[in-house]
Amino acid sequence: MKFIIKYLGIIILGVIPMMAFSQVSFEASTDAREIFEGNYIEVKFTLKNASGKDFQLPPLEDFDILSGPSRSVSTTIINGRRSQELSYTYLLTPKKKGNLTIGSASIEAEGQILKTKPIIVKVLESTEQVAEKGNAEYFIKAE
């Protein structure tokens, strides 16, 4: 009996870290939290360690979609541990200046609906750029 309990304990201690390592999550991220009027921002919605379906983009009243969705899937196996990611990427340009919100996206995974946290993006006027950062870089587009 002690033999069985001993090996059962070893198996449980081996499985618990693997379960924690492969935690399912759904997150939203951006390449910037402050942008200037007329520029764009990359927004990525990433599902980790699950297969997802029925992705729902949040309402984007304050943004125009320049491109997207770009969908990518990756699977990694390191030392026998498997992880996977499913990502939807969009390029957005703001319609106005101020603090704009990218709402919660949702996806169905593992029999439940997962949602991202909202992201606040600050859109600045070009004149604010010079006032806040004296050594600002400029981008000129000639047509």
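View 1. Three strands lie in the order 2-10-7 and make up an open sheet with mixed pairing, where two strands count as paired if DSSP finds at least two bridges between them. Because strand 2 (34-36) and strand 7 (98-102) stand at the edges and have a single partner strand each, one side of each is left without a neighbour in the sheet. On average, neighbouring strands of this sheet are turned by 35 degrees against each other, direction ignored, the axes being lines fitted to C-alpha atoms and the angles running from 0 to 180 degrees between N-to-C directions. This is a predicted model, in which local features need pLDDT of at least 70 and side-chain atom pairs count only at pLDDT 80 or more, whereas totals for chains, interfaces and linings use all residues. Residues are numbered from 1 along each chain as its sequence is written, and side-chain values use heavy atoms, with hydrogens and water left out.

**View 2. The pairing of strand 7 with strand 10.** Strand 10 (residues 119-124) and strand 7 pair in the antiparallel sense over five bridges. Ile 119 in strand 10 is the bridge partner of Ile 102.

View 3. Thr 89 belongs to strand 6 (residues 81-94) and is buried, with a relative accessible area of 14%; buried means under 20% relative accessible area, exposed over 50%, and partly exposed in between (1.4 Å probe, protein chains only). When its neighbours within four places in sequence are left aside, Thr 89 is in contact with Glu 42, Val 43, Lys 44, Ser 67, Gly 68, Pro 69 and Ser 70, contact meaning heavy atoms within 4.5 Å.

View 4. The protein chain has two helices and 10 strands, which are DSSP runs numbered from the N terminus (helices: H or I, at least four residues; strands: E, at least two). Its average pLDDT is 79, and 76% of the residues score at least 70, pLDDT being the predictor's confidence in each residue, from 0 to 100. The pLDDT is below 50 over residues 15-21, a stretch that has three contacts in the model beyond near neighbours in sequence. Where pLDDT is low, the predicted coordinates should not be read in detail.
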